[in-house]
Amino acid sequence: MPSPFDLQADYEVKVIHPDGRYEDHIDQFLSLEYTLVVNDVGSMTIVLPGNYPRTFIKPDWRFEIWRTVEGVSRLEGDTQWIIQEIREARDDSGNKTLTVVAYDWKIVLRRRIVAYAPNTGLGYSYNVGTSDDVLKSLFNRNFGTTALDTTRNIATYLPGSGTTGSGVTMGMEFSRQNILDTMQKIAATSRQLGVPLYFDIITQAPPVGLTFLTYINCRGIDRRTGQPNALRIGTEDGNIGAYEISEVYTDEITYVYAGGAGDDDLRLLSTQEDTGRSGRSFYGRKEAWFDFNETTDQDLLDSQAQAALYQNRPSKIFTGRLINTEGTLYGRDWGHGDYVTISTETEAFNCIISAIQVSVSDNDGEAIDAGLRSD
């Protein structure tokens, strides 16, 4: 939902050489639009006059977006945006424009796979541990110092962070899978097991200083009711737009059978039941089979079966829109990935500000659309 007032935010876009040097800054553009998304790749599109020098617009060059509100400047999303699309256009009147599309640093995670065969070893093709450390191990073994193929090690430019033992104990097999897809699965499993988990690649000391980081509970600031930075959000406060509360039981599973490696009587097996849900009624046992035929470790198989059970719980989800108002300003009172409490007419939900889309143009000013999700 667009901002209902003129926020008067100032924007500057900086252009960065792939080696990290600032080359130019842009404070006059035709339009700018960008989206920040937790645990996924955000994108930005900037439209420039057609005479802007192509010297600074090349694949893998980068942008930074600096937004100033009430005299305070900050790097949007704590990230940089890698140029991937360049379009020149001319309209019927002869006016030329240069449109550039770029993606935030998480696009790098999409560029690699888990380059290890099944059963290569713990931490390489599968892992059992706390969810936070499983993510970091996956990163370090495909981008960092523990990569078996040393040519894949770019820790000098993009270091990981140390293990902490945070999160929930889980197991997952991920041989040959895309890194970003695998990280999203790990984070989703951790959330289903009761511990929200987020990851990002951030710029800590612009224009260099990249780091892969993980976050427990929220990507941003915990602003839920009762916290020091609590923010009032709700229907009575006038800062919630359209929303929906959905309860879905259609695909619920309450009893899991899982099979690992081996044949016939020698095959590894695991069964897991949520007795609270299966005991709701005499027909509450909802069974499903899950095949993990490359899993040779019983603990890992048990963990995978448990994750399947939790991933197929019924869901009650709040989705809605946060309105940017004078009392709740984006960039001052709330931001990307913050954890907030939403109060409706009937109940309250703890929600992540999961996506933010910002559009800026000379004609329409600034519009901000922020998505909320309770799961």
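1. In this note, a residue is buried when its relative accessible area is under 20%, exposed when that area is over 50%, and partly exposed in between (1.4 Å probe, protein chains only). By this criterion Trp-334 is buried, with a relative accessible area of 2%, and Tyr-330 is buried, also at 2%.

2. The model is a predicted one, in which local features need pLDDT of at least 70 and side-chain atom pairs count only at pLDDT 80 or more, while totals for chains, interfaces and linings use all residues. Residues are numbered from 1 along each chain as its sequence is written, and side-chain values use heavy atoms, with hydrogens and water left out.

3. Aromatic pairs. Rings of Phe, Tyr and Trp (its six-membered ring) pair if their centres lie within 6.5 Å; planes under 30 degrees apart count as stacked, over 60 as edge-to-face and the rest as tilted. A search of the whole structure finds 12 such pairs. Among them, Phe-56 and Trp-61 form a tilted pair, 6.3 Å centre to centre with 45° between the planes; Phe-56 and Trp-61 are both buried. The rings of Tyr-330 and Trp-334 are likewise tilted, because their planes lie at 45°, with the centres 5.0 Å apart. Ring pairs also link Tyr-11, Tyr-34 and Trp-81 into a cluster.

4. Charges over rings. A charge sits over a ring if NZ of Lys or CZ of Arg is within 6 Å of the ring centre and within 35 degrees of the ring normal. Arg-141 lies over the face of Tyr-124, 4.5 Å from the ring centre, and Arg-285 lies over the face of Tyr-255, at 3.6 Å.

5. Helix H3. Helices (H or I, at least four residues) and strands (E, at least two) are DSSP runs, numbered from the N terminus. The expected span of a helix is 1.5 Å times one less than its number of residues; for the 14 residues of H3 (179–192) this gives 20 Å, and the end C-alpha atoms are 20 Å apart, which agrees. The buried residues of H3 include Ile-179, Met-183 and Ile-186. The helix is followed by Gly-194, whose phi is positive, near 105°.

6. Leu-269. This residue belongs to strand S17 (residues 269–273) and is exposed, with a relative accessible area of 52%. The C-alpha atoms of Leu-269 and Gly-259, 10 residues apart along the chain, are separated by 4.7 Å. Beyond its neighbours within four places in sequence, Leu-269 is in contact (heavy atoms within 4.5 Å) with Ala-258, Gly-259, Trp-289, Gln-298 and Leu-301.
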